[in-house]
Amino acid sequence: MTTYENPVWSTDLTHEIPREVGDRVRATMAEHGISQARGADALGASQSQVSRRLDGLIIFDIKELAIIAELCGVPVASFLPAPTGGAR
C-alpha cells in the first residue's frame, strides 16, 4: 500500500521514482548550468528543500517540475521515468 498523504516517501518501491526524478532533474540542471541556489530561487524554496527533492527524499510536485523544466528549456516529461506495465 502506498502512502500519499506524507510528502516523504516511506514505502519500498515508491522511493525509487522520486529518486529517479531527482536524478533526472539534477542532471538536467547541471547540463544547463542551473545551480541548486538558482533552482531554489525559481521555486521559492530553500536550497536545502531543493537538495532533499533532488535526493528523492521529498517529492517534486508537477508545478515545481514545470518551473525547473522552463528554467532549463526542456519538457517536463524529460524528468519522468518511462511507464511500466505494472501500475493501473
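1. Ground rules. The model is predicted, so local features need pLDDT of at least 70 and side-chain atom pairs count only at pLDDT 80 or more, while totals for chains, interfaces and linings use all residues. Residues are numbered from 1 along each chain as its sequence is written, and side-chain values use heavy atoms, with hydrogens and water left out.

2. Salt bridges. Side chains of opposite charge can pair when their charged atoms come close. A salt bridge here is a side-chain nitrogen of Lys or Arg within 4 Å of a carboxyl oxygen of Asp or Glu. The count is three.

3. Arg24 and Glu20. These two form a salt bridge, with the closest N and O atoms 2.9 Å apart. Why can they be placed about one helical turn apart? They sit four residues apart in helix α1 (residues 16–31). Helices are DSSP runs of H or I with at least four residues; strands are E runs of at least two; both are numbered from the N terminus. Arg24 is partly exposed at 30% relative accessibility. Glu20 is partly exposed too, at 31%. The cut-offs are under 20% relative accessible area for buried, over 50% for exposed, and in between for partly exposed (1.4 Å probe, protein chains only).

4. Asp55 and Arg26. Their closest N and O atoms are 2.7 Å apart, and the pair forms a salt bridge. Asp55 is in the loop between α3 (47–54) and α4 (62–72), and Arg26 is in helix α1, so the pair ties together parts 29 residues apart in sequence. Asp55 is partly exposed at 29%. Arg26 is partly exposed at 31%.

5. Arg53 and Glu64. Buried or exposed? Both Arg53 and Glu64 are buried. Their side chains meet in a salt bridge at 3.1 Å, N to O. Arg53 is in helix α3 and Glu64 in helix α4, so the pair ties together parts 11 residues apart in sequence. Arg53 has a relative accessible area of 14%. Not counting residues up to four places away in sequence, Arg53 touches Pro18, Gly22, Ile58, Ile59, Phe60 and Glu64. Contact means heavy atoms within 4.5 Å.

6. Helices α2 and α3. The axes of α2 (residues 36–43) and α3 come within 8 Å and cross at roughly 105 degrees. Axes are lines fitted to C-alpha atoms, for helices over the stretch in contact; angles run from 0 to 180 degrees between N-to-C directions. The two helices are therefore roughly perpendicular, a class that spans 65 to 115 degrees, with under 35 roughly parallel, over 145 roughly antiparallel and the rest oblique.
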